[in-house]
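Please look over the sequence and structure below.

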Amino acid sequence: MDFSSFNPMVLAAALMVAATPILLAAIGELVVERSGVLNLGVEGMMITGAVVGFTAAVTTGNPYLGMLAAMAGGAALSLIFGVLTQLLKANQVASGLALTLFGLGFSALLGQGYAGVVPPRTAKLDLGLLSDIPVLGPILFRHDPMVYVSVAIVVAVWFWLTYTRSGRILRAVGENHDAAHALGYRVLRVRILAIMFGGACAGMGGAYLSLIRVPQWTEGMTAGIGWIALALVVFASWRPVRAMLGAYLFGGILVLQLNLQAAGIRIPAEYLAMSPYLITILVLVIMSSGRARKSLAAPGSLGKPFHAAG
Amino acid sequence: MKRRTLIATSALALGLSALGGAAMAQDDPLKVGFIYIGPPGDFGWTYAHDQARLAAQEHFGDAVETSYVENVPEGPDAERILTQMALSGTDMIFATSFGYGPAVNAVAERFPDVAFEHATGYQQESPNVSLYNARFYEGRAVIGHIAGRMTETDTIGYIASFPIPEVIMGINSAYLHARAVNPDVRFRVVWAYSWFDPAQEAAAAEALIDQGADILMQHTDSTAPLQVAQDRGALAFGQASDMTEFAPDVHLTAIIDNWTPYYIERIQARLDGEWEAQNVWHGIPEDEVTFAPFNDRIPDDVQAEAEEMIESIRTGEYHPFTGPINRQDGSAWLEDGEVAPDSDLLGMNFYVEGMSGEIPE
């Protein structure tokens, strides 16, 4: 065993990058679930965002236009889910799973002919003096812009949910849609907007993979990250800042696994691959027991269909 | 019942067209099918096979009609697609991945008049299954030598796919030749458990560079590790095809899989009605393993040494696995001057002495 080659600074910097797609998808899904909707289609929206963003970036030559296209693509796909579950009252779990399966196939179709194409590069942000701070510089200030965008979104969502009127309306809709409806809030409109926000974030997370992290297009390239993001929302007990910490934890596990291998330390990859889910199950068990239960509980109306009665 | 009749009829039709042979070739082109594990646009393994298919098509013109199916998973899907190809009148099928073995043999038994060519396989249960493989370890010996001479951190990163003999052989060959010129050299190996997963390969490349590797080698097919190397300023070798355009500054050379001579030879044999099953393992001498142009960053003397090694392998003077070589546990594998028998190589499941780490199970 040889730990001498482990540089914690380098590891920390790498995990921020590895965590970004998970974080983007998770923060979107968090808002969706806080509005009382369970969308299991995150993986499908991510992969659709990955391919739409990739083709748009290759066509226009601009990675940022690609990002915007990915957001639109993810939101458009999520709108199918929104119409099905909110207007047509279809089952949310089944619709979400269908969305994932559809997204995986649809993205493979869209991506025909784009395998092996190199997308335009996204420049790293030059933060001047900040990048040169010892220790913190390499960890925090030498990334591509999307890493900071993801953190900014988390902070904005936290602020919005906690301190703004519209954020509170969204939470009210998620906690008790009948009460919210009685107070005159438009439950369906709030939820459909939340679903589209979730789709846009997932799409951005997917495009982060295909445009920045890899950067290439391959079928099925999200490889289960959407599911990790779903687990993460539960793990974070629907709190934005906890979601960020969780994303860095899960991202850290991914990075650590490869680094351990590279250092010649043998840990079967399968154990680390299943650890995010194991941790989530553990958190669920803790949450559902004892005093912790009340403060960590899921939104009251999560996954329940809303019928505007009377 | 109906289906069976269909199979019988098409088998008969195939038989007839095979009997017709060269005479019919003018108006009725020989149909040659390929099944690929990945997309032809991977710029790696599948790309190399597809380039050879295109070259063969060009060579034979109207006498041959080639087609391919991409992204065929190993397993039941492969059997279904092979059956479909055979049923639709294909005369010759190239199955270009190791894991197609069981499917190829199962389908070959049902279609005795179709000639099957299986790359890198080992099962030959019918007289119409031919096997072909390339001695990529010869190429890896050369890049191992270059890497050993050029590394400054004495650390080479190796992105491996699956722990199978083909891959282990490559690691050992590269390591032995790097160590021969640099006794301090260390190999760090990351297993991606995939032949083609750009995300995983890129992450593995990042991890290896983070762990101090300044030169990367890969036994996976995407160009993602090279793009990472280009970004991070590490040196790297391409895989299966010339990947220079993906990393112009750091791409030292690439081991190129050149299947064209073999495909042309075998399709010609089928056209002439002289095709017979065989089991061949070509390499540098047959030009099946070649190299991308050397990058100017390789010093002239190292380039000369590499050329010299390629020549000595070509003439048969030198075999990359020539003793004395010990296994990782210190036990003797090859005596002084002994050359590794092919059977040892094809079943290789151990690292050579000096390699650190273990091969996963």
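Read along the sequence, chain A follows the pattern α-α-α-α-α-α-α-α-α-α-α-α-α. That comes to 13 helices and zero strands, where helices (H or I, at least four residues) and strands (E, at least two) are DSSP runs numbered from the N terminus. This is a predicted model, in which local features need pLDDT of at least 70, side-chain atom pairs count only at pLDDT 80 or more, and totals for chains, interfaces and linings use all residues. Residues are numbered from 1 along each chain as its sequence is written, while chains are lettered from A and ligands numbered from 1 in the order in which they are written.

**Overall form of chain A**

- The radius of gyration of chain A is 20 Å, close to the 19 Å that the globule rule gives for 310 residues, so chain A is as compact as a globular protein of that length.
- The radius of gyration is taken over C-alpha atoms, and the globule rule is 2.2 Å times the number of residues to the power 0.38.
- Along the principal axes, the C-alpha atoms of chain A fill a box of roughly 65 × 50 × 40 Å.
- Of the 310 residues in chain A, 48% are buried.
- A residue is buried if 20 or more other C-beta atoms lie within 10 Å of its own, exposed if 12 or fewer, and partly exposed in between, with C-beta atoms placed from the backbone.
- Among contacts in chain A between residues at least 6 apart in sequence, 79% join residues at least 24 apart.
- Two residues are in contact if their C-beta atoms, placed from the backbone, lie within 7 Å.

**Contact between chains A and B**

- Chain A gives 25 residues to the contact, and chain B gives 28 residues.
- On the side of chain A that touches chain B, the elements that give two or more residues are helix 1 (8–34), helix 9 (187–213) and helix 11 (240–262) of chain A.
- Helix 11 of chain A supplies the largest share of that side, five residues.
- By class, the side of chain A that touches chain B has 15 nonpolar, eight polar and two charged residues.
- Here Ala, Val, Leu, Ile, Met, Phe, Trp, Tyr, Cys and Pro count as nonpolar, Asp, Glu, Lys and Arg as charged, and the others, Gly among them, as polar.

**One residue in helix 1 of chain A**

- A:Ala14 is found in helix 1 of chain A.
- A:Ala14 is buried, because 24 other C-beta atoms lie within 10 Å.
- Not counting residues up to four places away in sequence, A:Ala14 touches A:Val255, B:Glu206 and B:Asp210.
- A:Ala14 and A:Gly251 are 237 residues apart along the chain, and their C-alpha atoms are separated by 8.7 Å.

**The sheet in chain B**

- Six strands of chain B form an open sheet in the order 7-6-8-9-10-12, with mixed pairing.
- Two strands pair if DSSP finds at least two bridges between them.
- Strand 7 (186–191) and strand 12 (289–291) of chain B are the edge strands, and each pairs on one side only.
- On average, neighbouring strands of this sheet are turned by 20° against each other, direction ignored.

**Strands 6 and 7 of chain B**

- Strand 6 (residues 155–160) of chain B runs parallel to strand 8 of chain B, and four bridges join them.
- Strand 6 of chain B also runs parallel to strand 7 of chain B, with six bridges.
- B:Phe187 in strand 7 of chain B is the bridge partner of B:Ile156.
- The chain crosses from strand 6 through helix 6 to strand 7 of chain B in a right-handed β-α-β crossover.
- A crossover is right-handed if, with the strands pointing away from the viewer, the path from the first strand over the helix to the second runs clockwise.
- Strand 7 of chain B is mostly covered, as six of its six residues are buried.

**Strands 8 and 9 of chain B**

- From strand 8 (residues 215–218) of chain B, B:Ile215 and B:Met217 point one way and B:Leu216 and B:Gln218 the other way, and all are buried.
- B:Leu216 is the bridge partner of B:Gly157, and B:Leu216 also has B:Ala236 in strand 9 of chain B as a bridge partner.
- Strand 8 and strand 9 (residues 235–240) of chain B pair in the parallel sense over two bridges.

How values were computed:
Axes fitted to C-alpha atoms, helices over the stretch in contact; angles between N-to-C directions.
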